[in-house]
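Here are my notes on the model you sent over, in the order I'd go through them. Have the structure open while you read.

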Amino acid sequence: MAAGRQSDIPLSRDPSARFLPWIVAFLTYIAALSVAGYLALAQLSVDWNDGLSNAITVEITALEGEEDASINGRVQTTVALLRGYPGVESVEVLSRAKIREFLEPWLGKALDIGALPLPRLIDVRLSGDEDVDVVALNEKLAGSTGARADDHAIWRDRMERFLGSLEWAAIAIVAVVVAAAVIMVAFATRGSLAAHRETIELLHLIGARDDYIARQFQRHAMRLAMIGSVLGALAAMATAFLISQSASGLETGAGLGAETAYLPVVATLALPPISTIVALFTARRTVLKALRRMT
Amino acid sequence: MIRFENVGMRYGTGPEVLRDVTFELKAGAFHFLVGASGAGKSTLLKLMYLAHRPTRGLINIFDRNLASIPREELPDIRQRIGVVYQDFRLLNHLSAFDNVALPLRVNGAREDVVQKHVGELLGWVGLADHINALPPTLSGGQKQRVAIARAVISRPSLLLADEPTGNVDDTIAVRLLYLFEELNRMGTTVVIATHNKSLVDRFKHPVMRLGDGQVRTEEDEADWGAGLRRDAEASFGTKGDAPTVPPREL
């Protein structure tokens, strides 16, 4: 059929032509936000994990009634031990000012850090050239200065499990959205088939093959899905942008800002072609199945 | 060309509309199909243009047994059959041009071929000035000519027309019959179901008479003419007055 020529079946006048783009837009919006949300969190997790995987935090808790001079001595001994430990690249004792900086977002600016029984913290960066046995290091530290090393393994395990759940949730949402889109397109196509039964019969009698008729339906469904999914994708991008703008104002240090803002864009750009293809094949399959039952 | 053997047809669980219909049309034949209203003329034509399958019996079309033709091959057969429907069955959202172009386009004809042939044919049936008109804006006679143009555009081997002159005046009716005769001379087998006695009388072609669910051709009865006239008197009513204009070339 020549491009731009009126379709043999007047599908553009069907009720489905009015409601289907909006439904596809809504479904695309949900899918885009789900995928984008998951991708943004996964990227954050990677960033956090990268920051923690080559780092160990060593803490030295003050003993009851212990003088500052004593605890400073334990800190210096620990630092010396760590600097000589295989695989350690750098060792930095966190100052009280730095600790205050970390705690301020949660405890406020009026914090009197001296009134809190806070442990001394040492940030240890690993070279990554060789594995550091944290258990052995802990045993060594406990035997000499009573310090305790934490490689954040528990936190990272929990984060990994949490992200795994989020991934499955995102997959489930996308699967539900695709299923809903397939059902809606199939229903709309069946409605159009019933509405244009006489025209389809005439085309058959003139000698039209099922494929010729199906192409008209699939082109129609494709066009509607394209319009709807582009609308949904634009709305999702706008929402993601607003979320990233509000997240950038949070003092969480989580970095939910510009560095992850491109992920929703990638996710949403992929959805219109996918929605269009899903609509095309659903309409085609529905029509061919129905036509096989006709004479 | 087409052969019916003991064909029976009923809709659902209703009575048989056609029973034990047996006849054969040779390639290049031209027949009128007459019979009283409700006799089954449209049903017989529907069987011939493959809109229905018979309840029983054998239909051979283009030397192929209809029962053994797989569904995927029906379009090839149908593309060789042109049909003028009693109610035109034009697509109201398409222009006269696009309606006539349908058989060519479903057959995958190139657009330049479509443009050339459809334009010529619409001119031939006197609708050159209505190429872009939508069917609802056309008169009954103009719609009928669009329907006829659509039926003949792809030079069918078999042309079936159900009351093709029912909505046109006598002048147009005679012109259309000349068009059908012209196609017949070019090799198309033509069957025209009609109530128009004057046309049947005027154009001396064999008549298939449908009554009591059965078809009788002139070979079936020696006095078919007398029978036809008897039957026609009963079935034509006042509708089939002779055309008042002399025949003329299209």
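1. Chain A has eight helices and four strands. Going along the sequence, they come in the order α-β-α-β-α-β-α-β-α-α-α-α. Keep in mind that this is a predicted model.

2. If you take the contacts between residues at least 6 apart in sequence, 84% of them join residues at least 24 apart. As for surface, chain A exposes about 16,200 Å², with 61% of that supplied by carbon and sulfur atoms.

3. Now the interface. Interface size is often quoted as the accessible area lost when the parts come together. Here chain A and chain B bury about 2,100 Å² between them, and carbon and sulfur atoms account for 58% of that area. Chain A puts 25 residues into the contact, and chain B puts in 21.

4. How many salt bridges are there between chain A and chain B? The count is three. A salt bridge joins the side chains of R209(A) and D76(B), with an N to O distance of 2.3 Å.

5. Which helices make up the chain A side? At least two residues each come from α6 (197–206), α7 (210–247) and α8 (258–292) of chain A. The largest share, eight residues, is from α6(A). By type, the chain A residues that touch chain B split into eleven nonpolar, eight charged and six polar.

Definitions and conventions
Residues numbered from 1 in each chain as written. Chains lettered and ligands numbered in written order. Predicted model: local features only at pLDDT ≥ 70, side-chain atom pairs only at ≥ 80, totals over all residues. Heavy atoms only, no water. Contact = heavy atoms within 4.5 Å. Buried area = accessible area lost by both parts, 1.4 Å probe. Salt bridge = Lys/Arg side-chain N within 4 Å of Asp/Glu carboxyl O. Nonpolar A, V, L, I, M, F, W, Y, C, P; charged D, E, K, R; others polar. Areas by Shrake-Rupley, 256 points an atom, 1.4 Å probe, with all protein chains shown as cover.
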